[in-house]
Amino acid sequence: AFFTPRIWVELSQKYLTEVLGEDWQDEYYVWDCAAGTGNLLTGLTNKYNVWASTLDHQDVEVIHDRIKNGTNLLDDHVFQFDFLNDDFTKLPIPLQDIINDTEKRKKLVFYINPPYAEHGNRTTISENGEHKSNVANTTKVYDEFSKLVGTATRELFAQFFLRIYKEVPNSILASFSTVKFINSQNFSKFRQYYKADYKKGFICNANSFDNVKGNFPIGFLIWDLKTKVALKHLETDVIEIDELQNIHIQQKKSFYVLDNKEF
């Protein structure tokens, strides 16, 4: 679990406003399908359009307690759901209606900070220094996509992306994640499958997140899934925090996708 710091929550919502428009919260539906205790949804104003699901039922209870104390969400829009295994027929009926409606689905934003754990054939040390083993190869999404996109399915966040891309087409994906899927050679098959229009995003240092060790970037990237564009190049803002906790765009960072010969 990666607790999303408030500073990045607020900035990500600013980027969503820049991409989707000032009135986006009234025009779009939001589903955080890896909600944890709901921190990412702090600051959203239209509770009737926001949904939150999480794997752990205890987290659902935490969010319900937060609602009693003023959090701007609806009780029946917060529920337990295993996104990498459960069938969509287990979703609340109003959310199913959005997913099954071609036009409404175009207005559905998956706003998430999914887990970054990586499965390996043996116990490995992940980027935050924790030992991980056998954590990502036991899901239905893994079984479905492992032959199609190869080693990319070892990454839990990639499994979230894959299910969203296939089963909720034409929606909007706005997610925090590591950025290895953009240009890592291990994700070459993933990129052949995943084609979407990159709109805007930023990267920040992973150690600005609680309990995350290591000096690597975490990105917040916004994708329009209805436009199929092969990923070749994208540009992000590089965000740093000063000693007063003010954010600054230090520069632009370009990422390029190269095949083996070009690499």
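Reply: Start with contact, which means heavy atoms within 4.5 Å. By that rule D197 touches I222, W223, D224, T227 and V229, not counting residues up to four places away in sequence. This is a predicted model: local features need pLDDT of at least 70, side-chain atom pairs count only at pLDDT 80 or more, and totals for chains, interfaces and linings use all residues. Residues are numbered from 1 along each chain as its sequence is written, and side-chain values use heavy atoms, with hydrogens and water left out.

Me: What makes the link between the side chains of D197 and K199 a polar contact?

Reply: The distance is 3.3 Å. A polar contact is a pair of N or O atoms within 3.5 Å; within protein, one must be able to donate a hydrogen and the other to accept it, and residues adjacent in sequence count only if both atoms are side-chain atoms. D197 itself lies in strand 8. Strands (E, at least two residues) and helices (H or I, at least four) are DSSP runs, numbered from the N terminus.

Me: How do you know that the length of helix 7 agrees with its number of residues?

Reply: The expected span is 1.5 Å times one less than the number of residues. Helix 7 covers residues 156-167, which is 12 residues, so it should span 16 Å. Its end C-alpha atoms are 17 Å apart, which agrees.

Me: Why is helix 7 called largely enclosed?

Reply: Because 10 of its 12 residues are buried. Buried means under 20% relative accessible area, exposed means over 50%, and partly exposed is in between (1.4 Å probe, protein chains only). Among the buried residues of helix 7 are F157, F161, L162 and R163. Their cover includes strand 4 (108-112), helix 6 (140-149), strand 7 (172-178), helix 8 (180-183) and helix 9 (188-193).

Me: Why is F190 called buried?

Reply: F190 has 0% relative accessibility, so it counts as buried. Its place is in helix 9. Leaving out residues up to four places away in sequence, F190 touches V149, A152, A158, F161, L162 and F181. F190 and L162 are 28 residues apart in sequence, yet 8.6 Å apart in space, C-alpha to C-alpha.

Me: What makes a nonpolar core, and which residues have the most contacts inside the largest one?

Reply: A nonpolar core is a set of buried Ala, Val, Leu, Ile, Met, Phe, Trp, Tyr and Cys residues joined through side-chain atoms within 4.5 Å. The largest has 86 residues, and W31, F83, Y111, F190 and W223 have the most contacts inside it. Helix 7 gives the largest share of this core, 8 residues. In soluble globular proteins, nonpolar side chains tend to be buried together.

Me: Why is the pair F81 and F83 called edge-to-face?

Reply: Rings of Phe, Tyr and Trp (its six-membered ring) pair if their centres lie within 6.5 Å; planes under 30 degrees apart count as stacked, over 60 as edge-to-face and the rest as tilted. The count by this rule is 31 aromatic pairs. The ring centres of F81 and F83 are 6.4 Å apart and the planes are at 65°, so the pair is edge-to-face. Both F81 and F83 are buried.

Me: What makes F176 and F202 edge-to-face?

Reply: Their ring centres are 6.2 Å apart and their planes are at 80°, so this pair is edge-to-face. The pair links distant parts of the chain: F176 is in strand 7 and F202 in strand 8 (residues 197-205), 26 residues apart. F202 has a relative accessible area of 0%, so F202 is buried.

Me: How do you know that R163 sits over the ring of F83?

Reply: A charge sits over a ring if NZ of Lys or CZ of Arg is within 6 Å of the ring centre and within 35 degrees of the ring normal. The charged end of R163 is 5.3 Å from the centre of the F83 ring. K253 lies over the face of F255 too, at 5.4 Å from the ring centre.

Me: Is E144 buried or partly exposed?

Reply: E144 has 38% relative accessibility, so it counts as partly exposed. E144 lies in helix 6. A polar contact of 2.2 Å joins the side chains of E144 and K166.

Me: Why is D237 called buried?

Reply: D237 has a relative accessible area of 4%, so it is buried. Its place is in strand 10 (residues 233-241). The side chains of D237 and Y15 are joined by a polar contact of 2.6 Å.
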